[in-house]
Amino acid sequence: MNPSNIIYESKGLSRVTEVYLNKKTLVTPTYFPAVSSYGTKYSFHTLVHLLIAYSYPRLLVSTYDLHYLEEEEKRRLLQEISEYSKKGCFVFLDSGVYESSWKADSEWTYDLYKASISRVGFDFCSSFDVLPYGKNRAEEFKEETFERILASYSLSNGYGFVPILHGLNPDQLVSLVAKFVKTYPYLCDIIAVAERDCGRNIVEKARTIMRMRRILDESNRRRVLHILGCGNPISLILFSYYGANMFDSLDWTKYVIDRRHLTINDFSHLELINCDCSICSGVRRDYTETTLLHNLLFYQDYMLQIQSLIRKNRIFEFIVEHIGQDILKKIDRLRK
């Protein structure tokens, strides 16, 4: 039984989907602000506390980062996350392979992930993903990936399980997705891929997402596609047009989003964009907190806007206005 339902479809492969988990409903396209100990200058627990304190409705945390907290801090944070989830917010628990790979921490293993995951309450839980780098054969990589997904699935709560698939290039990624869907259709209610694996430029990435969306739709159009590490506003709307449902990234911690121009700017440039959102024009706060909350508000409003554009059949016109029709023509050539 698939936990999702398509409630509206529009041009391209865009759709508004409801995902039902733990007596809660998540409407997509949607964005999860990711929290990580790598790639941001703010502490892991500080960012988690911020998201929880302001009741942001979604967050993605790393099992790796939770594992390495001091025991007392870990206990308190896990309790906060549990209470946050019970209030109706969604918790996405990532495997920690991203952090361990960038930190070159070879000690982060599936067994540690297994021990850590049992302590965390979550709605979505990713598999312990396998990176393709250093693999001698594609078949070896495929077998190891599938083995890890099956092992991880046994630790999950079922419908919230999110297999992660990687590839050295877009063709390898699409091939792996096709093989996985054919071999394990019952594990494909939700799948995740990294944006960086989808291509070298925006056209190639959008084409790859379109190809995967069509594969997922062949036998079950209600499947959910999550794009890891994607937070650029232009990418979010374009990839939603081609069938992606969920996104996450650290961008909210690293940049300033200009909501009027849909651009990403240096974190120190908030004053330069003359924003009049409720955060920027509201209560005076510390600069860092103001900027983080400004970004979070943008992502919340923007994903609701994308949902509205799909419902009103205006997503195509919005993309033409902000990106241009030539980009769509380049991407759509793949269909012919």
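Before I go on: what you're looking at is a predicted model, so please hear everything as computed from that.

Okay, the whole chain. The secondary structure comes to 13 helices and 14 strands. The radius of gyration is 19 Å, close to the 20 Å that the globule rule gives for 336 residues, so the chain is as compact as a globular protein of that length.

What about contacts along the sequence? Take those in the chain with a separation of 6 or more: 70% of them come from residues 24 or more positions apart.

Now let me zoom in on one helix pair. That's α9, residues 233-241, and α11, residues 287-311. How do these two pack? Their axes sit 11 Å apart, at an angle of about 30°. Angles under 35 degrees count as roughly parallel, so that's what we call α9 relative to α11. As for handedness, α9 passes α11 in a right-handed crossing.

And which residues do the touching? On the α9 side you've got Pro233, Ile234, Leu236, Ile237 and Ser240. They meet Phe298, Tyr299, Tyr302, Met303, Ile306 and Leu309 in α11. Sort that contact by class and you get 10 nonpolar residues, one polar and no charged ones.

Technical notes:
Residues numbered from 1 in each chain as written. Predicted model: local features only at pLDDT ≥ 70, side-chain atom pairs only at ≥ 80, totals over all residues. Heavy atoms only, no water. Axes fitted to C-alpha atoms, helices over the stretch in contact; angles between N-to-C directions. Helix = DSSP H or I, 4+ residues; strand = E, 2+ residues; numbered from the N terminus. Parallel < 35°, antiparallel > 145°, perpendicular 65-115°, else oblique. Left-handed = near helix turned anticlockwise from the far one by under 90°. Contact = heavy atoms within 4.5 Å. Nonpolar A, V, L, I, M, F, W, Y, C, P; charged D, E, K, R; others polar. Rg over C-alpha atoms; globule rule 2.2 N^0.38 Å.
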